[in-house]
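I opened this notebook to record what I looked up in the structure. The entries cover disulfides, backbone angles and helix geometry.

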Amino acid sequence: MPGPRSRGEPGESEERRPLLARRPRRPRRWWQAAAAAVLVVEMLERAAFFGVAGNLVLYLNNADFHWAGEQASRAALVFLGASYLLAPVGGWLADVYLGRYRAITLSLLVYLAASVLLAATAYPDGRSSFCGEISPVPLRPACHSPDCGHTSPPPYCAPTLYAVLLLLALAASSVRSNLTSFGADQVMDLGRHANRRFFNWFYWSINVGAVLSLLVLAFIQQNINFLLGYGIVVGCVGLAFFIFLFATPSFITKPPTGSQVSSMLKLALQKCCPWLWHRHSARDPPGAQLLPDQRSPQPGASPQEDIANFQVLVKILPVMVTLVPYWMVYFQMQSTYVLQGLHLRIPNIFPDYPANRSTALKTQSSSGYKIPEAWLLLANVVVLLILVPVKDHLLDPLLLRCKLLPSALQKMALGMFFGFTSVIVAGVLEMERLEYIHNNQTVSQQIGQNTYYAAPLSIWWQTPQYLLIGISEIFASIPGLEFAYSEAPRSMQGAMMGIFFCLSGVGSLLGSSLVALLSLPGGWLHCPEDSGNINKCRMDLYFFLLAGIQAAAALLFIGIAGRYERVAQGPASQSCPKRDGG
């Protein structure tokens, strides 16, 4: 198979590049084929990712693993956080060593291997091979006192599952950080309009992958079995890998160009720990501290530009860090919101046909397939698919004509408000659910192999909190990307995207840490005697605590953002050249 066409190979001379630029352009069908391949690969990768993330809590909470509800939620938050936190790693490897094409190829290969391992844990023989036999839970005398000191058994297969999830997170984050810019490279020569159209279709492909995954994979995993569901995940990743390799002849690639991360780290070390910097610089040759990366074939940034970029970075980072509590709230929709939904009444969607005789598909009260709890994530996706075009074509132009269009920072503050509202609604719903539980008004429902004692409230009562978190994403996440990209120095825009995704992962991991803290004896989420249910936990207080953290962070964000805008409006003429330099 021919290799990808390369632009700007390291061995080319400056005199030869103009000659290459005058060579005839490739036929338009080559550009279309390369961009279409990238879009299909992204759609399949997102379908696989949501096929893992959408029902991960249910998978770990089922009878095969016996993970407690808070343990499963914590693992989901770790997976989601790592898939964002590791984004700079893949981008840095591509910039310095591999190039984007090789980084994507290697990431998809790791993705495929990790998906196969996850599917193996859903098969009894594979589970026993990788995890060993499940330890029997010792019998204890009955105790009705709250001070009995129940302890949750250790989660079965935890080391294997966490290793597989971290491999999946690393591969997904590397694909996320490289495939977007790699796809834009394919249409770069067609002009800015082609780039804009590509990003529109790229975003569309992400959401199509999410819809397909949540509609099909979530249903199969919840109502048939996880082995078939994860087998389809393996098929999606394998097909994406095959399409990417098959389209190789149509791709345009760029060699590694180096990274400014090393220079930024050296400057941070010099400013924060001067004594450590002097010890480090004494071992380096003279002048090596601020030299550009010698691996890069292009001229690197000068020391003066490094210092200017570092100063801009110091101004931007406080704004982005105060967005971390928002991500703590945002990632609840794929962890604790899912756990809450499993303890609400989930209606059937199909009648019980003769072919559907598996007892795993039936409840004690009625028969038929259950609506997958993960389908409520569709509310978030549908809100984005509908409101983003409305905002782009109607709302923003109207506000612009009226001179009322808010800045990116003001939109982010509004997004924090909607996130705060979402978690408040979730807390109120949980209070109402627990009221039914305390009055012994429960519905026994079997989902997969698990029996959940749910409140008679319909799961559709969760729709408002999912809609609100979707609206918050429009105002916080998208303007956050806009702010990070537009305010960063031009030579650091890629690195700033990585930092943005990394801080998103920090928010998810902080949420996981908070769940772990509250799951300790005496905590609101400590209810080991509940056998995987959360009816004796106080998840409502957890939601209200998140709301308080978000409210405090929003007030801090408003202060920092206001100061940033005042400073930016003052010496704007001096700061703009710094950002555009390099």
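Entry one, disulfides. I worked from a predicted model. How many disulfides does the structure hold? I found 1 disulfide. The pair is Cys131 and Cys157, with sulfur atoms 1.7 Å apart, under the cut-off of 2.5 Å. Cys131 belongs to helix α7, whereas Cys157 sits in the loop between α7 and α8, so the pair ties together parts that are 26 residues apart in sequence. I noted that a disulfide is a covalent bond between the sulfur atoms of two cysteines.

Entry two, burial of cysteines. I recorded both Cys131 and Cys157 as buried. The relative accessibility of Cys157 is 6%, which is why I count Cys157 as buried. I also looked up Cys236, which is buried with a relative accessible area of 13%.

Most residues other than glycine have a negative phi. Asn440 is not a glycine either, and has a positive phi of about 60°. Asn440 lies in the loop between α17 (408-438) and β6 (443-447). Is Asn440 buried or exposed? Because its relative accessibility is 69%, I count Asn440 as exposed.

I checked the span of α8, which covers residues 158-186. Its 29 residues should span 42 Å at 1.5 Å a residue, and the end C-alpha atoms are 41 Å apart, so the two values agree. Where is the kink in α8 centred? I located the kink at Leu179, with an angle of about 30°.

Terms used. Residues numbered from 1 in each chain as written. Predicted model: local features only at pLDDT ≥ 70, side-chain atom pairs only at ≥ 80, totals over all residues. Heavy atoms only, no water. Helix = DSSP H or I, 4+ residues; strand = E, 2+ residues; numbered from the N terminus. Expected span 1.5 Å × (residues − 1). Bend = angle between axes of the 7 residues up to and from the residue. Buried < 20%, exposed > 50% of the residue type's maximum accessible area, 1.4 Å probe, protein only.
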